[in-house]
Amino acid sequence: MLIKKILNNNVILSENTAKQEIVAMGCGIAFKKKVGEVVTDSLIDKIYTYSDHEMLEKLKMLLADLPIEYMEISNEIISMAEKKLNKKLNDSIYISLTDHIHMAVERFKNGNFVRNMMVWETQRFYPDEFAIGKEAVAKINKKFTINMPEDEAG
């Protein structure tokens, strides 16, 4: 895969065979690389392709500024949710969830706790989604060595 632009050591812009712009992610895929060089497919963990140019631009901006760990945990949670719900989620979830996780973790690390006043209602009316949220919070807590409360599951 030919590098068109390097967003950070873990994220590049390239093109697929249909000449659509894509975002490729993998640990260190752009390390010591330059625009125009080739990245082997074995280094790529995830490829994002959006038909909506605006969504692709948002993803590029988000990935350029975030450590790869946030995208990794987001991907893991989305895969788990799709499997448990037995349906494909909208591609925009990759942007919104990654951004939300980043903000929630940073907020927690800074001692800012936000109570979710809708936890009871969410748990009652959306039990499957809430269970996934609880599992997601456990995964986030483990990955970032924190202890966010169940409120985040909502």
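How many positive and negative side chains does the protein have, and how far apart do the centres of the two sets lie?

**View 1. Charges across the predicted model.** There are 21 positive and 23 negative side chains, and the centres of the two sets lie 3 Å apart. Lys and Arg count as positive, Asp and Glu as negative; His and the chain ends are not counted. Each charge is placed at NZ of Lys, CZ of Arg, CG of Asp or CD of Glu. This is a predicted model, in which local features need pLDDT of at least 70 and side-chain atom pairs count only at pLDDT 80 or more, while totals for chains, interfaces and linings use all residues. Residues are numbered from 1 along each chain as its sequence is written, and side-chain values use heavy atoms, with hydrogens and water left out.

**View 2. The fold.** The protein has 5 helices and 4 strands. Along the sequence the pattern is β-β-β-β-α-α-α-α-α. Helices (H or I, at least four residues) and strands (E, at least two) are DSSP runs, numbered from the N terminus. The C-alpha atoms fill a box of roughly 50 × 35 × 25 Å along the principal axes. Of the 154 residues, 40% are buried.

**View 3. Asparagine 10 in a loop.** Asparagine 10 sits between strand 1 (5-8) and strand 2 (11-15). Its relative accessible area is 16%, so asparagine 10 is buried. Buried means under 20% relative accessible area, exposed over 50%, and partly exposed in between (1.4 Å probe, protein chains only). Beyond its neighbours within four places in sequence, asparagine 10 contacts Ala24, Met25, Gly26, Cys27, Gly28, Ile29 and Ile68. Contact means heavy atoms within 4.5 Å.

**View 4. Threonine 49 in strand 4.** Strand 4 covers residues 46-49 and includes threonine 49. Threonine 49 is partly exposed because its relative accessibility is 31%. Asparagine 16 is 33 residues away in sequence, yet the two C-alpha atoms are 8.6 Å apart. Residues up to four places away aside, threonine 49 touches Asn16, Gln20, Glu21, Ile22 and Asp91.

View 5. The structure holds 1 cavity of 30 Å³ or more. About 60 Å³ of space lies in the largest cavity. A cavity is a set of points on a 1 Å grid over the protein atoms alone where a 1.4 Å probe fits but cannot get out; lining residues have an atom within 4 Å of a point. The volume is the space filled by probe spheres set on the points, which are joined across faces, edges and corners. The lining consists of Ala104, Arg107, Phe108, Asn112, Phe113, Val114, Met148, Pro149 and Glu152.

Key. 1 Å grid on protein atoms, 1.4 Å probe; cavity = no way out; pocket = protein on both sides within 12 Å on 5 of 7 lines; lining within 4 Å.
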